[in-house]
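Please keep the sequence and the structure in view while reading.

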Amino acid sequence: MQLQSFGAACTVTGSMHLLGLGERQVLVDCGMFQGGDDLEARNREDFPFDPASLDAVLLTHAHLDHVGRLPLLVRLGYRGPVYCTAPTAALAETVLLDSARLQVEGYRQDLRKARRQGREDEVLPPLYEEEDVHRTLALLRPSLEFGQTERIAGLRVTPQRAGHILGSAYLVIESGEGRLLMSGDLGNRESGLQLDFTPPPAVDAVVIETTYANRTHRSWPDTLAEFSQALRDSVRQNGKILIPTFAIERAQTILHTIKELMDAGEVPRIPIFLDSPMAARATHEYFEYGDELIPPVRDALQNGEDPFQPSTLHTVTTSAESQRLNRYDGPAIIMAGNGMMTGGRIQHHLKHHLWKPSTNLIIVSYQSPSSLGGRIVAGADTVRLMGEDVAVRAQVHTIGGFSAHADQDDLLAFLSSAGQPQVWLVHGEVAVMDAFLPVLAQQGLKGNIVPDRTPVDLLGPGYASGRPPGLTVPAPTSGHAEAGE
Ligand code: ZN
């Protein structure tokens with residue numbers, strides 16, 4: 001039972017795990033690296049295996065950092081099935097088409113700039129285009145259902161609810177060698193729209209995400225109080241309230257929360273602009289798969305209500321409309337992507353408002369330390385935005401509890417029903433995973449940090465210290481907001 005990770009190993013992004021189970025080669029997730037130039041450069045590295053040689057691809061959920069390189073895999077020769085749940089397939093379509101569009105647009109912009117400087121040959125082509133996405137979507141097999149075992153490439157695969165985003169699953173994979181659990185991303189049991197994760201069965205090995213393995217999220221009531229206070233304070237300043245949001249799950253959670261706060265009279269009914277066509281599209285899938293959601297949201301949907309539509313919501317579609325918002329006077333909430341502020345429409349809103357003391361920037365998502373958002377949270381005085389230096393004079397609020405990820409308590413609760421497995425840590429910063437090793441030991445579990453690219457035997461003894469040889473453990477980065485994809 002071999003694992004080789006080409007993403008989300010010693011980092012929180014780019015999930016891609018190659019499993020060698022007997023004769024079979026199965027890829028779990030094929031995500032894109034996000035959050036800064038160094039990380040994103042890794043998207044252009046060759047796949048260290050022949051895509052055509054894979055027996056199957058399994059997806060845990062539709063976030064870009066778990067599906068974003070699939071069209072590249074297909075472009076480079078993969079023609080086999082891609083198994084996932086039905087909501088994951090629906091959301092993956094939205095995510096991948098948006099990703100292709102962004103890449104082509106980015107390429108054209110870079111090319112125009114480069115032409116003026118006479119260096120067109122330095123411009124990198126898009127990773128993939130829309131037709132690659134359509135070829136990829138044709139390979140999706142949305143047959144996975146929670147609790148139902150399916151035979152895939154000679155393996156028994158049972159998806160279970162992961163409680164992270166719509167359609168998110170963890171996978172129990174049984175082969176002749178034993179029983180393996182691939183966690184994908186696990187949900188925060190307190191917040192969000194999803195029902196909690198299903199407790200797992202006993203397994204021989206677990207590969208588990210560790211985004212927040214070193215901390216406990218603020219409680220949901222405290223989070224709500226903090227968020228509504230930030231909104232009320234911001235409204236008093238009479239300026240713009242910018243909320244950078246990821247389009248899937250976070251946008252719907254925030255819309256639902258604002259609606260509840262406004263309906264309860266906790267927050268004044270100021271205009272809200274959802275400046276993210278992708279988030280608006282993704283919201284449709286929440287209507288389609290309402291049964292997966294927490295009871296108050298599910299019941300509202302069944303009663304024909306729209307739990308994601310505060311009364312003052314305007315959905316912005318075209319980029320001309322988005323630009324016009326720059327001239328809109330008076331207080332308003334603007335939600336725009338992307339969540340880490342590294343691109344997308346949030347950038348021009350930041351350029352217009354970040355330098356004003358009356359602006360409030362409310363951060364509700366994970367910010368990678370190297371991203372623009374990470375630099376703002378760390379206290380940068382000025383940041384580079386769309387080719388200009390912009391002073392950071394806005395008030396910055398970071399609200400941790402909206403995280404869609406499990407915290408330490410959630411992870412331990414999850415592992416508590418999994419028997420005595422070997423535990424392999426992925427999807428975390430090295431310092432965070434390292435801090436989690438002794439916590440696991442207290443529970444009688446042996447944890448190991450999965451090395452980047454180096455194959456490991458999941459049923460083997462692991463590493464004496466839990467750390468692969470040569471791994472240096474940096475000091476933990478601090479001060480950045482929680483949550484994330
Ligand atoms: Zn995710």
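The sections below treat the domains, their interface, the salt bridges and the backbone.

## Domain organisation

The model is predicted. Two domains are assigned: domain 1 covers 2-215 + 405-457, and domain 2 covers 220-398. Their C-alpha centres are 26 Å apart.

## The interface between the domains

Contact between the domains involves 26 residues of domain 1 and 27 residues of domain 2. The size of an interface is often expressed as the accessible area lost when the parts come together. Here, domain 1 and domain 2 bury about 2,300 Å² between them, and carbon and sulfur atoms contribute 65% of that area. On the side of domain 1, the residues that lose the most area to domain 2 are T94, L166 and L193, which together account for 28% of what that side buries.

## Salt bridges

Side chains of opposite charge can pair when their charged atoms come close. The model contains 24 salt bridges. One of them joins D98 and R101, with an N to O distance of 2.7 Å. Both residues belong to helix 4, and because they are 3 residues apart, about one helical turn separates them. D98 is buried, at a relative accessible area of 11%, while R101 is partly exposed at 39%.

A further salt bridge is formed by D275 and R345, whose closest N and O atoms are 2.6 Å apart. D275 is in strand 13 (residues 272-275) and R345 is in the loop between strand 15 (332-336) and helix 11 (346-353), so this pair ties together parts that are 70 residues apart in sequence. D275 is buried, with a relative accessibility of 1%; R345 also counts as buried, because its relative accessibility is 19% and the limit for that class is under 20%.

K351 and E388 likewise meet through their side chains in a salt bridge, at 3.5 Å from N to O. This pair links distant parts of the chain, with K351 in helix 11 and E388 in strand 18 (residues 388-391), 37 residues apart. K351 is partly exposed at 24% relative accessible area, and E388 is partly exposed at 40%.

## Backbone features

The peptide bond between G337 and N338 is cis, with omega of about 5 degrees. N338 is in the loop between strand 15 and helix 11. The loop between strand 15 and helix 11 is also where R345 is found.

Two residues other than glycine have a positive phi value: A8, near 55 degrees, and N238, near 70 degrees. A8 is placed in the loop between strand 1 (2-5) and strand 2 (16-21), and N238 in the loop between helix 6 (220-237) and strand 12 (240-244). A8 is buried, at 0% relative accessibility, whereas N238 is exposed, with a relative accessible area of 52%.

Key:
Residues are numbered from 1 along each chain as its sequence is written. This is a predicted model: local features need pLDDT of at least 70, side-chain atom pairs count only at pLDDT 80 or more; totals for chains, interfaces and linings use all residues. Side-chain values use heavy atoms; hydrogens and water are left out. Domain bounds come from an automatic or database domain assignment. Contact means heavy atoms within 4.5 Å. Buried area is the accessible area (1.4 Å probe) that two parts lose on being put together, summed over both. A salt bridge is a side-chain nitrogen of Lys or Arg within 4 Å of a carboxyl oxygen of Asp or Glu. Helices (H or I, at least four residues) and strands (E, at least two) are DSSP runs, numbered from the N terminus. Buried means under 20% relative accessible area, exposed over 50%, partly exposed in between (1.4 Å probe, protein chains only).
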